[in-house]
Amino acid sequence: MSDVVMGAAEFLALLAAVYAVTVLAYFILGFGITWVNARNPERRIQKNRRGEKRRAQEIRQSLASILVTSAMVAIGLFSQWKGWTIGPWEFSWLWAAPQFVLCMILFDAWFYFAHRLLHTKPFYRFHALHHKSVAPTVWSNDSIGLVDTALSQGYYAVVVFLVPFSPVILILHRAFDQINGTFGHAGFEYFASKTARHPWPMLCTTYHDQHHAEFRYNYANYFSFWDRLLGTVSPTYDRRVAAIEETAPAITLKRAGGSQPAE
Ligand SMILES: [Zn+2]
Ligand SMILES: [Zn+2]
């Protein structure tokens, strides 16, 4: 086999592995969080909308867009493995936490500006599909157009040429982002707390839920930093989080006696 054919086969094997694991994670998280949601109906963020009816469409689209996400991750890891990139740093537990946080900060900045770009007139046609989910659910996280996904997840294919992150950090970050994104679209709030609102830079599910419901606020992914700095944070966000802290009942894993779970 020539080197090129061999390389292509290796790349496809890596892509297939990343895709299989991500699809598995998508369904485990989706069904797992749905199970918790059914036991906590009062924690639904948009009380009068039921995004669940879009489930079949969203799963179909997700199976396509996860292939694009997986391709971005595979390009990054493959390029590192072939020695085409800078570094990478050797993995060490001592440096894992600061590297991970740096990876989150850089991804958040990438995501914020890519997302702002996708909301401009020439690019919005690539992003419109994701906004069909007005009340997002666990199935909406990856229900994204393919060009949109390539832009927002292109981070993994590019960052390896700029910062020598260990591949372990990149994989851990991707896993974290899948979990964070599924909770972020769950439509049910479990993370409202003082640290999820001003003056802290962290956020909770309500943040991105408002992006879907109100459309022109809250573009960031992990931190409210960029939105606050550039004036795109929803004016009601901090108040709403505080209200949920005060009024939401305790999170339970027991089904309420006699009452029907909301789908
Ligand atoms: Zn958007
Ligand atoms: Zn979204």
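Just after helix α2, G83 adopts a positive phi of about 80°. This value, like those that follow, comes from a predicted model. Helix α2 itself is kinked by about 25°, with the kink centred on L63.

Helix α3 covers residues 93-118. Its 26 residues should span 38 Å at 1.5 Å a residue, and the separation of its end C-alpha atoms, 37 Å, agrees with this. The buried positions of α3 are Q99, C103, F107, F111, Y112, A114, H115 and L118. An α-helix has 3.6 residues a turn, so residues three or four places apart point the same way. The packing partners of the buried α3 residues are α4 (124-127), α5 (146-153), α6 (155-159), α7 (167-184) and α9 (225-229).

Helix α7 is built from 18 residues. From first C-alpha to last it reaches 25 Å, close to the 26 Å expected at 1.5 Å a residue. Buried residues in α7 are I169, L170, H173, R174, D177, Q178, T182, F183 and G184. These buried residues pack against α1 (3-38), α2 (55-81), α3, α6 and α8 (205-214).

The largest nonpolar core holds 23 residues. Within this core, V73 and A220 touch the most other members. Helices α2, α3, α6 and α7 each contribute at least two residues to it. With neighbours within four places in sequence set aside, V73 is in contact with V18, Y156 and R174. R174 is also among the buried residues of α7. Another core lies apart from the largest one. This other core has nine residues, including A196, L203, C204 and I244.

T34 belongs to helix α1. T34 and G187 are 153 residues apart along the chain, yet their C-alpha atoms are separated by 9.9 Å.

Notes. Residues are numbered from 1 along each chain as its sequence is written. Chains are lettered from A and ligands numbered from 1 in the order in which they are written. This is a predicted model: local features need pLDDT of at least 70, side-chain atom pairs count only at pLDDT 80 or more; totals for chains, interfaces and linings use all residues. Helices (H or I, at least four residues) and strands (E, at least two) are DSSP runs, numbered from the N terminus. The expected span of a helix is 1.5 Å times one less than its number of residues. A residue is buried if 20 or more other C-beta atoms lie within 10 Å of its own, exposed if 12 or fewer, and partly exposed in between; C-beta atoms are placed from the backbone. Two residues are in contact if their C-beta atoms, placed from the backbone, lie within 7 Å. The bend at a residue is the angle between axes fitted to the seven residues ending there and the seven starting there. A nonpolar core is a set of buried Ala, Val, Leu, Ile, Met, Phe, Trp, Tyr and Cys residues joined through C-beta atoms within 7 Å.
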